[in-house]
Amino acid sequence: MTTASEKTAAPEPFGVYVHWPFCLAKCPYCDFNSHVRHGGIDEARFVGAYLSELRHFAGLAPGRTVTSIFFGGGTPSLMDAGTVAAILDAIAAQWTIDADAEITLEANPTSVEATRFAGYRAAGVNRVSLGVQSLDDEDLKGLGRMHTSDEALAALAVAKDNFDRVSFDLIYARMGQTVPAWRDELARALRHAHDHLSLYQLTIEPGTPFAARHAAGSLTIPRPREAEPFYAVTQELCDAAGLPAYEVSNHARPGAESRHNLLYWRGHDYAGVGAGAHSRITQGGTKHALSTLKSPEAWLAAVEACGHGITEDEGLSRAEAADEYLLMGLRLAEGIDLKRLEAIGGRALKERRLQALAAEGLLARNGDRLTATGSGRLVLDRLILELAA
Ligand SMILES: C[S@@+](CC[C@H](N)C(=O)[O-])C[C@H]1O[C@@H](n2cnc3c(N)ncnc32)[C@H](O)[C@@H]1O
Ligand code: SF4
(Lines give C-alpha, C1' and ligand atoms only; values in the text may rest on other atoms or scores of the structure.)
(Ligands and ions follow the chains in the order given, each with its own letter.)
Protein backbone atom coordinates (compact mmCIF):
# COMPACT_ATOMS: atom_id res chain seq x y z
CA MET A 1 0.00 0.00 0.00
CA THR A 2 1.49 3.38 -0.96
CA THR A 3 0.94 6.49 1.11
CA ALA A 4 1.72 10.15 0.65
CA SER A 5 5.26 10.17 1.97
CA GLU A 6 5.66 13.88 2.47
CA LYS A 7 3.05 16.04 4.06
CA THR A 8 2.72 19.67 3.23
CA ALA A 9 -0.54 21.45 4.11
CA ALA A 10 -3.24 19.16 5.56
CA PRO A 11 -5.35 17.91 2.64
CA GLU A 12 -9.10 18.63 2.43
CA PRO A 13 -10.67 15.58 4.14
CA PHE A 14 -11.92 12.86 1.81
CA GLY A 15 -13.12 9.48 3.07
CA VAL A 16 -13.77 6.06 1.63
CA TYR A 17 -16.50 3.93 3.19
CA VAL A 18 -16.53 0.19 2.44
CA HIS A 19 -19.77 -1.62 3.31
CA TRP A 20 -19.62 -5.36 4.06
CA PRO A 21 -23.30 -6.34 4.09
CA PHE A 22 -23.18 -9.76 5.79
CA CYS A 23 -23.73 -10.94 9.38
CA LEU A 24 -23.84 -14.34 11.05
CA ALA A 25 -27.31 -13.59 12.43
CA LYS A 26 -29.69 -10.64 12.27
CA CYS A 27 -30.07 -8.76 15.57
CA PRO A 28 -33.76 -8.03 16.23
CA TYR A 29 -33.25 -4.26 16.75
CA CYS A 30 -31.09 -3.66 13.66
CA ASP A 31 -32.20 -2.05 10.41
CA PHE A 32 -28.76 -1.67 8.86
CA ASN A 33 -28.25 -3.14 5.40
CA SER A 34 -27.07 -6.50 6.73
CA HIS A 35 -27.95 -9.97 5.47
CA VAL A 36 -27.46 -13.55 6.61
CA ARG A 37 -26.32 -16.02 3.93
CA HIS A 38 -26.29 -19.57 5.28
CA GLY A 39 -25.03 -20.92 1.99
CA GLY A 40 -21.76 -18.98 2.29
CA ILE A 41 -20.37 -16.03 0.35
CA ASP A 42 -18.08 -16.08 -2.68
CA GLU A 43 -15.64 -13.64 -1.11
CA ALA A 44 -13.23 -13.63 -4.08
CA ARG A 45 -16.07 -12.56 -6.38
CA PHE A 46 -17.03 -9.77 -4.01
CA VAL A 47 -13.40 -8.60 -3.84
CA GLY A 48 -13.38 -8.26 -7.63
CA ALA A 49 -16.56 -6.20 -7.47
CA TYR A 50 -15.18 -3.86 -4.77
CA LEU A 51 -12.11 -3.24 -6.91
CA SER A 52 -14.26 -2.41 -9.95
CA GLU A 53 -16.54 -0.08 -8.01
CA LEU A 54 -13.55 1.71 -6.44
CA ARG A 55 -12.23 2.35 -9.96
CA HIS A 56 -15.59 3.82 -10.92
CA PHE A 57 -15.69 6.12 -7.88
CA ALA A 58 -12.10 7.25 -8.52
CA GLY A 59 -13.38 8.48 -11.89
CA LEU A 60 -16.11 10.50 -10.12
CA ALA A 61 -13.69 11.99 -7.56
CA PRO A 62 -10.28 12.00 -9.22
CA GLY A 63 -7.07 13.23 -7.65
CA ARG A 64 -8.27 13.29 -4.05
CA THR A 65 -6.14 12.44 -1.03
CA VAL A 66 -7.87 9.87 1.18
CA THR A 67 -7.69 10.95 4.82
CA SER A 68 -9.85 8.18 6.31
CA ILE A 69 -11.20 4.75 5.39
CA PHE A 70 -13.99 2.96 7.26
CA PHE A 71 -14.98 -0.71 6.87
CA GLY A 72 -18.56 -0.82 8.20
CA GLY A 73 -21.44 -3.22 8.05
CA GLY A 74 -22.93 -5.63 8.49
CA THR A 75 -19.99 -7.35 10.08
CA PRO A 76 -16.68 -6.47 8.39
CA SER A 77 -14.83 -8.66 10.92
CA LEU A 78 -16.18 -11.64 8.95
CA MET A 79 -13.93 -10.60 6.03
CA ASP A 80 -10.65 -12.36 5.44
CA ALA A 81 -7.65 -10.17 6.19
CA GLY A 82 -6.62 -10.77 2.55
CA THR A 83 -9.89 -9.16 1.38
CA VAL A 84 -9.25 -6.08 3.53
CA ALA A 85 -5.66 -5.89 2.21
CA ALA A 86 -6.82 -6.16 -1.42
CA ILE A 87 -9.38 -3.38 -0.93
CA LEU A 88 -6.81 -1.12 0.76
CA ASP A 89 -4.35 -1.74 -2.06
CA ALA A 90 -7.05 -0.86 -4.59
CA ILE A 91 -7.84 2.40 -2.75
CA ALA A 92 -4.12 3.23 -2.78
CA ALA A 93 -3.99 2.47 -6.52
CA GLN A 94 -6.89 4.86 -7.27
CA TRP A 95 -6.09 7.76 -4.94
CA THR A 96 -3.24 8.90 -2.69
CA ILE A 97 -3.70 7.70 0.87
CA ASP A 98 -2.57 10.35 3.36
CA ALA A 99 0.32 9.23 5.57
CA ASP A 100 -1.84 9.96 8.65
CA ALA A 101 -4.98 8.28 7.31
CA GLU A 102 -7.28 6.75 9.90
CA ILE A 103 -8.31 3.23 8.79
CA THR A 104 -11.10 1.79 10.94
CA LEU A 105 -12.75 -1.62 10.86
CA GLU A 106 -16.00 -2.36 12.68
CA ALA A 107 -15.82 -5.72 14.49
CA ASN A 108 -18.18 -7.93 16.42
CA PRO A 109 -16.54 -8.99 19.69
CA THR A 110 -16.57 -12.77 19.46
CA SER A 111 -13.49 -14.87 20.13
CA VAL A 112 -13.38 -16.05 16.51
CA GLU A 113 -13.30 -12.52 15.19
CA ALA A 114 -10.60 -11.45 17.67
CA THR A 115 -8.26 -14.00 16.08
CA ARG A 116 -8.38 -11.97 12.86
CA PHE A 117 -7.24 -8.67 14.43
CA ALA A 118 -3.50 -9.23 13.84
CA GLY A 119 -4.22 -9.89 10.14
CA TYR A 120 -6.23 -6.67 9.85
CA ARG A 121 -3.40 -4.73 11.46
CA ALA A 122 -0.92 -6.26 8.99
CA ALA A 123 -3.28 -5.23 6.16
CA GLY A 124 -3.12 -1.58 7.27
CA VAL A 125 -6.09 -1.14 9.62
CA ASN A 126 -5.10 1.16 12.50
CA ARG A 127 -8.33 1.54 14.46
CA VAL A 128 -11.04 -0.89 15.54
CA SER A 129 -14.60 -0.22 16.66
CA LEU A 130 -16.20 -3.10 18.58
CA GLY A 131 -19.95 -3.68 18.94
CA VAL A 132 -20.01 -4.63 22.62
CA GLN A 133 -23.61 -3.30 23.09
CA SER A 134 -24.00 -4.35 26.75
CA LEU A 135 -22.04 -5.78 29.66
CA ASP A 136 -25.10 -7.68 30.93
CA ASP A 137 -25.36 -11.26 29.63
CA GLU A 138 -29.16 -11.47 29.92
CA ASP A 139 -29.53 -8.27 27.93
CA LEU A 140 -27.01 -9.45 25.34
CA LYS A 141 -29.23 -12.48 24.80
CA GLY A 142 -32.29 -10.24 24.57
CA LEU A 143 -30.48 -8.15 21.94
CA GLY A 144 -29.81 -11.35 19.97
CA ARG A 145 -26.04 -11.00 20.32
CA MET A 146 -23.76 -13.97 19.75
CA HIS A 147 -21.23 -13.07 22.47
CA THR A 148 -21.19 -12.83 26.26
CA SER A 149 -19.84 -9.79 28.12
CA ASP A 150 -16.68 -11.72 29.12
CA GLU A 151 -16.09 -12.66 25.50
CA ALA A 152 -16.58 -9.02 24.47
CA LEU A 153 -14.10 -7.81 27.11
CA ALA A 154 -11.60 -10.46 25.99
CA ALA A 155 -11.97 -9.29 22.37
CA LEU A 156 -11.49 -5.72 23.57
CA ALA A 157 -8.21 -6.73 25.25
CA VAL A 158 -7.01 -8.36 22.00
CA ALA A 159 -8.02 -5.21 20.11
CA LYS A 160 -6.01 -3.04 22.52
CA ASP A 161 -2.97 -5.32 22.06
CA ASN A 162 -3.18 -4.91 18.29
CA PHE A 163 -4.29 -1.30 17.75
CA ASP A 164 -3.37 2.07 19.21
CA ARG A 165 -6.90 3.31 18.67
CA VAL A 166 -9.89 1.30 19.90
CA SER A 167 -13.52 2.25 20.34
CA PHE A 168 -16.54 0.28 21.43
CA ASP A 169 -20.30 0.71 21.18
CA LEU A 170 -22.91 0.30 23.89
CA ILE A 171 -26.68 0.59 23.60
CA TYR A 172 -28.50 2.13 26.59
CA ALA A 173 -32.06 2.86 27.72
CA ARG A 174 -32.67 -0.78 26.85
CA MET A 175 -35.74 -2.86 27.62
CA GLY A 176 -36.38 -2.81 31.36
CA GLN A 177 -33.13 -0.95 32.14
CA THR A 178 -33.10 1.47 35.08
CA VAL A 179 -30.95 4.61 35.38
CA PRO A 180 -28.90 3.22 38.33
CA ALA A 181 -28.27 -0.01 36.37
CA TRP A 182 -26.99 2.03 33.40
CA ARG A 183 -24.82 4.13 35.72
CA ASP A 184 -23.16 0.94 37.06
CA GLU A 185 -22.75 -0.56 33.61
CA LEU A 186 -21.27 2.59 32.10
CA ALA A 187 -18.89 3.03 35.06
CA ARG A 188 -17.66 -0.53 34.41
CA ALA A 189 -17.37 0.13 30.69
CA LEU A 190 -15.36 3.29 31.31
CA ARG A 191 -12.81 1.26 33.26
CA HIS A 192 -12.20 -0.70 30.05
CA ALA A 193 -12.50 2.23 27.64
CA HIS A 194 -9.47 3.15 25.58
CA ASP A 195 -9.78 6.43 23.66
CA HIS A 196 -13.31 6.43 22.22
CA LEU A 197 -16.84 5.23 23.03
CA SER A 198 -20.07 5.31 21.00
CA LEU A 199 -23.11 5.27 23.30
CA TYR A 200 -26.44 4.92 21.51
CA GLN A 201 -29.89 5.12 22.98
CA LEU A 202 -31.91 2.08 21.84
CA THR A 203 -34.09 3.10 18.91
CA ILE A 204 -37.08 1.08 17.77
CA GLU A 205 -36.58 0.89 14.02
CA PRO A 206 -39.68 0.31 11.89
CA GLY A 207 -39.91 -3.14 10.33
CA THR A 208 -37.64 -4.86 12.86
CA PRO A 209 -38.74 -7.69 15.21
CA PHE A 210 -38.30 -5.18 18.09
CA ALA A 211 -40.79 -2.84 16.42
CA ALA A 212 -43.38 -5.65 16.22
CA ARG A 213 -42.85 -6.57 19.89
CA HIS A 214 -42.93 -2.93 20.93
CA ALA A 215 -46.22 -2.42 19.09
CA ALA A 216 -47.65 -5.58 20.70
CA GLY A 217 -46.67 -4.29 24.16
CA SER A 218 -44.25 -7.13 24.95
CA LEU A 219 -41.14 -4.93 24.80
CA THR A 220 -41.00 -1.71 26.79
CA ILE A 221 -38.28 0.88 26.61
CA PRO A 222 -38.08 4.28 28.34
CA ARG A 223 -40.28 6.94 26.74
CA PRO A 224 -38.43 10.05 25.44
CA ARG A 225 -38.90 11.98 28.72
CA GLU A 226 -37.81 8.96 30.77
CA ALA A 227 -34.70 8.58 28.59
CA GLU A 228 -33.38 12.05 29.50
CA PRO A 229 -31.81 10.97 32.83
CA PHE A 230 -30.01 8.16 30.97
CA TYR A 231 -28.50 10.79 28.68
CA ALA A 232 -27.58 13.01 31.65
CA VAL A 233 -25.81 10.13 33.46
CA THR A 234 -23.95 9.35 30.24
CA GLN A 235 -22.61 12.91 29.97
CA GLU A 236 -21.74 13.09 33.68
CA LEU A 237 -19.73 9.85 33.79
CA CYS A 238 -17.98 10.33 30.45
CA ASP A 239 -17.01 13.93 31.30
CA ALA A 240 -15.57 12.77 34.63
CA ALA A 241 -13.62 10.00 32.87
CA GLY A 242 -12.07 12.45 30.37
CA LEU A 243 -14.15 11.25 27.38
CA PRO A 244 -16.53 14.15 26.75
CA ALA A 245 -19.15 14.01 24.01
CA TYR A 246 -17.91 15.49 20.75
CA GLU A 247 -21.13 14.41 19.04
CA VAL A 248 -24.58 13.42 20.36
CA SER A 249 -23.61 9.74 20.79
CA ASN A 250 -19.83 9.82 20.51
CA HIS A 251 -17.26 10.39 23.23
CA ALA A 252 -13.48 10.62 22.97
CA ARG A 253 -10.36 11.75 24.68
CA PRO A 254 -9.54 15.09 23.05
CA GLY A 255 -7.66 14.31 19.83
CA ALA A 256 -9.03 10.75 19.59
CA GLU A 257 -12.30 11.65 17.83
CA SER A 258 -13.17 9.43 14.85
CA ARG A 259 -11.80 11.42 11.91
CA HIS A 260 -13.96 9.47 9.50
CA ASN A 261 -17.20 10.21 11.30
CA LEU A 262 -16.16 13.85 11.79
CA LEU A 263 -15.84 14.07 8.03
CA TYR A 264 -19.55 13.16 7.65
CA TRP A 265 -20.68 15.61 10.31
CA ARG A 266 -18.48 18.41 8.95
CA GLY A 267 -19.95 17.97 5.48
CA HIS A 268 -16.89 16.77 3.56
CA ASP A 269 -16.91 14.42 0.56
CA TYR A 270 -16.69 10.63 0.76
CA ALA A 271 -17.05 7.69 -1.61
CA GLY A 272 -19.05 4.70 -0.35
CA VAL A 273 -18.60 1.33 -2.04
CA GLY A 274 -20.44 -1.95 -1.47
CA ALA A 275 -24.15 -2.79 -1.33
CA GLY A 276 -26.30 0.01 0.07
CA ALA A 277 -23.41 2.45 0.60
CA HIS A 278 -23.93 6.22 0.43
CA SER A 279 -21.58 8.84 -0.98
CA ARG A 280 -21.30 12.61 -1.12
CA ILE A 281 -19.17 13.81 -4.00
CA THR A 282 -18.80 17.40 -5.18
CA GLN A 283 -18.66 17.69 -8.97
CA GLY A 284 -18.55 21.02 -10.78
CA GLY A 285 -19.52 22.85 -7.60
CA THR A 286 -22.59 20.66 -6.93
CA LYS A 287 -22.71 18.13 -4.13
CA HIS A 288 -24.06 14.79 -5.33
CA ALA A 289 -25.78 12.27 -3.04
CA LEU A 290 -25.22 8.77 -4.42
CA SER A 291 -26.31 5.37 -3.19
CA THR A 292 -25.81 1.83 -4.41
CA LEU A 293 -28.21 -1.13 -4.69
CA LYS A 294 -29.02 -2.58 -1.28
CA SER A 295 -29.27 -6.26 -2.15
CA PRO A 296 -25.74 -7.76 -2.11
CA GLU A 297 -26.49 -10.08 -5.02
CA ALA A 298 -28.13 -7.35 -7.15
CA TRP A 299 -25.18 -5.05 -6.37
CA LEU A 300 -22.69 -7.79 -7.34
CA ALA A 301 -24.49 -8.44 -10.63
CA ALA A 302 -24.67 -4.71 -11.47
CA VAL A 303 -20.98 -4.16 -10.72
CA GLU A 304 -20.00 -7.17 -12.79
CA ALA A 305 -22.15 -5.92 -15.67
CA CYS A 306 -21.28 -2.21 -15.67
CA GLY A 307 -18.56 -1.48 -13.11
CA HIS A 308 -20.74 0.02 -10.38
CA GLY A 309 -23.92 -0.59 -8.39
CA ILE A 310 -25.05 3.05 -8.20
CA THR A 311 -28.82 3.30 -8.25
CA GLU A 312 -29.32 6.93 -7.23
CA ASP A 313 -27.34 10.06 -8.08
CA GLU A 314 -29.00 13.29 -7.06
CA GLY A 315 -27.38 16.70 -7.37
CA LEU A 316 -28.32 18.60 -4.20
CA SER A 317 -29.60 22.16 -4.51
CA ARG A 318 -27.70 24.78 -2.49
CA ALA A 319 -30.53 24.89 0.06
CA GLU A 320 -30.52 21.08 0.42
CA ALA A 321 -26.74 21.02 0.87
CA ALA A 322 -26.99 23.77 3.50
CA ASP A 323 -29.75 21.92 5.38
CA GLU A 324 -27.60 18.79 5.40
CA TYR A 325 -24.60 20.71 6.79
CA LEU A 326 -26.87 22.19 9.50
CA LEU A 327 -28.42 18.81 10.35
CA MET A 328 -25.08 17.04 10.64
CA GLY A 329 -23.06 19.89 12.13
CA LEU A 330 -25.40 20.67 15.01
CA ARG A 331 -24.85 17.10 16.25
CA LEU A 332 -21.27 18.12 16.99
CA ALA A 333 -20.17 19.84 20.21
CA GLU A 334 -18.12 22.22 18.00
CA GLY A 335 -21.29 23.07 16.02
CA ILE A 336 -21.24 24.75 12.62
CA ASP A 337 -19.53 27.69 10.95
CA LEU A 338 -22.20 30.23 10.00
CA LYS A 339 -20.03 31.70 7.22
CA ARG A 340 -19.56 28.25 5.67
CA LEU A 341 -23.29 27.57 5.95
CA GLU A 342 -23.94 30.83 4.14
CA ALA A 343 -21.38 29.97 1.43
CA ILE A 344 -23.02 26.57 0.88
CA GLY A 345 -26.64 27.73 0.93
CA GLY A 346 -26.23 31.20 -0.55
CA ARG A 347 -28.17 32.78 2.30
CA ALA A 348 -27.82 33.39 6.02
CA LEU A 349 -30.04 31.91 8.74
CA LYS A 350 -32.81 34.22 9.90
CA GLU A 351 -31.42 36.32 12.75
CA ARG A 352 -34.76 36.47 14.58
CA ARG A 353 -35.07 32.68 14.68
CA LEU A 354 -31.50 32.31 15.94
CA GLN A 355 -32.17 34.78 18.72
CA ALA A 356 -35.44 33.15 19.74
CA LEU A 357 -33.85 29.68 19.96
CA ALA A 358 -30.85 31.13 21.85
CA ALA A 359 -33.25 32.82 24.28
CA GLU A 360 -34.88 29.42 24.89
CA GLY A 361 -31.42 28.08 25.80
CA LEU A 362 -31.29 25.68 22.83
CA LEU A 363 -28.60 27.39 20.74
CA ALA A 364 -25.39 29.21 21.64
CA ARG A 365 -23.47 31.55 19.38
CA ASN A 366 -19.84 32.54 19.57
CA GLY A 367 -18.84 34.77 16.65
CA ASP A 368 -19.36 32.67 13.53
CA ARG A 369 -19.82 29.39 15.42
CA LEU A 370 -23.28 28.13 16.23
CA THR A 371 -23.73 25.19 18.61
CA ALA A 372 -26.71 23.35 20.05
CA THR A 373 -26.62 23.47 23.85
CA GLY A 374 -27.05 20.29 25.94
CA SER A 375 -30.83 20.80 25.97
CA GLY A 376 -30.76 21.78 22.29
CA ARG A 377 -29.14 18.47 21.36
CA LEU A 378 -32.08 16.66 22.97
CA VAL A 379 -34.48 18.37 20.54
CA LEU A 380 -32.28 18.55 17.46
CA ASP A 381 -35.09 17.63 15.06
CA ARG A 382 -37.13 20.63 16.20
CA LEU A 383 -34.11 22.94 15.98
CA ILE A 384 -33.33 21.91 12.43
CA LEU A 385 -36.96 22.30 11.36
CA GLU A 386 -37.16 25.81 12.77
CA LEU A 387 -33.77 26.91 11.42
CA ALA A 388 -34.17 25.39 7.98
CA ALA A 389 -37.67 26.85 7.45
C1 LIG B 1 -23.46 -0.94 11.85
S2 LIG B 1 -23.95 -1.21 13.46
C3 LIG B 1 -23.16 -2.65 13.91
C4 LIG B 1 -21.79 -3.04 13.81
C5 LIG B 1 -21.56 -4.50 14.15
N6 LIG B 1 -22.18 -5.34 13.18
C7 LIG B 1 -22.14 -4.86 15.50
O8 LIG B 1 -23.31 -5.17 15.58
O9 LIG B 1 -21.39 -4.85 16.46
C10 LIG B 1 -23.20 0.06 14.40
C11 LIG B 1 -23.80 0.29 15.77
O12 LIG B 1 -25.08 0.85 15.71
C13 LIG B 1 -25.74 0.61 16.94
N14 LIG B 1 -27.14 0.27 16.67
C15 LIG B 1 -27.62 -0.52 15.68
N16 LIG B 1 -28.98 -0.56 15.74
C17 LIG B 1 -29.35 0.21 16.79
C18 LIG B 1 -30.63 0.57 17.38
N19 LIG B 1 -31.77 0.10 16.89
N20 LIG B 1 -30.62 1.39 18.45
C21 LIG B 1 -29.47 1.88 18.94
N22 LIG B 1 -28.25 1.57 18.44
C23 LIG B 1 -28.19 0.76 17.37
C24 LIG B 1 -24.99 -0.51 17.64
O25 LIG B 1 -24.36 -0.02 18.80
C26 LIG B 1 -23.98 -0.93 16.62
O27 LIG B 1 -22.78 -1.35 17.19
S1 SF4 C 1 -24.35 -7.87 13.89
FE2 SF4 C 1 -24.48 -5.61 13.73
S3 SF4 C 1 -25.04 -5.11 11.61
FE4 SF4 C 1 -25.38 -7.33 11.96
S5 SF4 C 1 -27.53 -7.49 12.45
FE6 SF4 C 1 -26.43 -7.31 14.39
S7 SF4 C 1 -26.35 -5.07 14.82
FE8 SF4 C 1 -26.95 -5.31 12.68
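Student: Which residue has a polar backbone atom 3.1 Å from a nitrogen atom of ligand 1?

Tutor: This is a predicted model, in which local features need pLDDT of at least 70 and side-chain atom pairs count only at pLDDT 80 or more, whereas totals for chains, interfaces and linings use all residues. Residues are numbered from 1 along each chain as its sequence is written, chains are lettered from A and ligands numbered from 1 in the order in which they are written, and side-chain values use heavy atoms, with hydrogens and water left out. The pair in question is a polar contact (N or O atoms within 3.5 Å), and on the protein side its backbone atom belongs to Tyr-29.

Student: How far is the N or O atom in the side chain of Asp-169 from an oxygen atom of ligand 1?

Tutor: Side chains also take part in holding polar atoms beside ligand 1, and Asn-108 places a polar side-chain atom 2.9 Å from one of the ligand's oxygen atoms. For the side chain of Asp-169, the distance from its N or O atom to an oxygen atom of ligand 1 is 2.6 Å.

Student: How much of the area that ligand 1 exposes when taken alone does the protein bury?

Tutor: The starting point is the accessible area (Shrake-Rupley method, 1.4 Å probe), which for ligand 1 taken alone comes to 560 Å². Of that area, the share that the protein buries is 91%.

Student: Which elements give two or more residues to the shell around ligand 1?

Tutor: The shell holds the residues with a heavy atom within 4 Å of the ligand, and of the 17 residues around ligand 1 those that come nearest are Gly-74, Gln-133, Arg-145, Asp-169 and Thr-203. By class, the shell divides into 5 nonpolar, 8 polar and 4 charged residues, where Ala, Val, Leu, Ile, Met, Phe, Trp, Tyr, Cys and Pro count as nonpolar, Asp, Glu, Lys and Arg as charged, and the others, Gly among them, as polar. With elements taken as DSSP runs numbered from the N terminus (helices H or I, at least four residues; strands E, at least two), those giving two or more residues are strand E4 (127-133), strand E5 (165-172) and strand E6 (196-201).

Student: How many residues of the shell around ligand 2 are charged?

Tutor: Ligand 2 is surrounded by a set of residues that includes Cys-23, Cys-27 and Cys-30, together with Lys-26, Tyr-29, Asn-108 and Arg-145 among others. By class, this shell has 5 nonpolar and 4 polar residues, and its count of charged residues is 2.

Student: Is the peptide bond from Gly-73 to Gly-74 cis or trans?

Tutor: Gly-74 is one of the residues around ligand 2, and its place is the loop between E2 and helix H2 (81-94). Most peptide bonds are trans. With omega near 20°, however, the bond from Gly-73 to Gly-74 is cis.

Student: What is the phi of Gln-133, positive or negative?

Tutor: Gln-133 lies in strand E4 and is among the residues that come nearest to ligand 1. Most residues other than glycine have a negative phi. Gln-133 is not a glycine, yet its phi, about 70°, is positive.

Student: Why is one side of strand E13 and of strand E14 left without a neighbour in the sheet?

Tutor: Here 3 strands form an open sheet in the order E13-E15-E14 with antiparallel pairing, two strands counting as paired if DSSP finds at least two bridges between them. Strand E13 (336-337) and strand E14 (363-366) lack a neighbour on one side because each stands at an edge with a single partner strand.

Student: Which residue in the turn of the hairpin of E14 and E15 has a positive phi of about 60°?

Tutor: The two strands form a hairpin, with 2 residues between them. The residue in the turn whose phi is positive, at about 60°, is Gly-367.

Terms used:
Polar contact = N/O pair within 3.5 Å; in protein donor to acceptor, adjacent residues only side chain to side chain.
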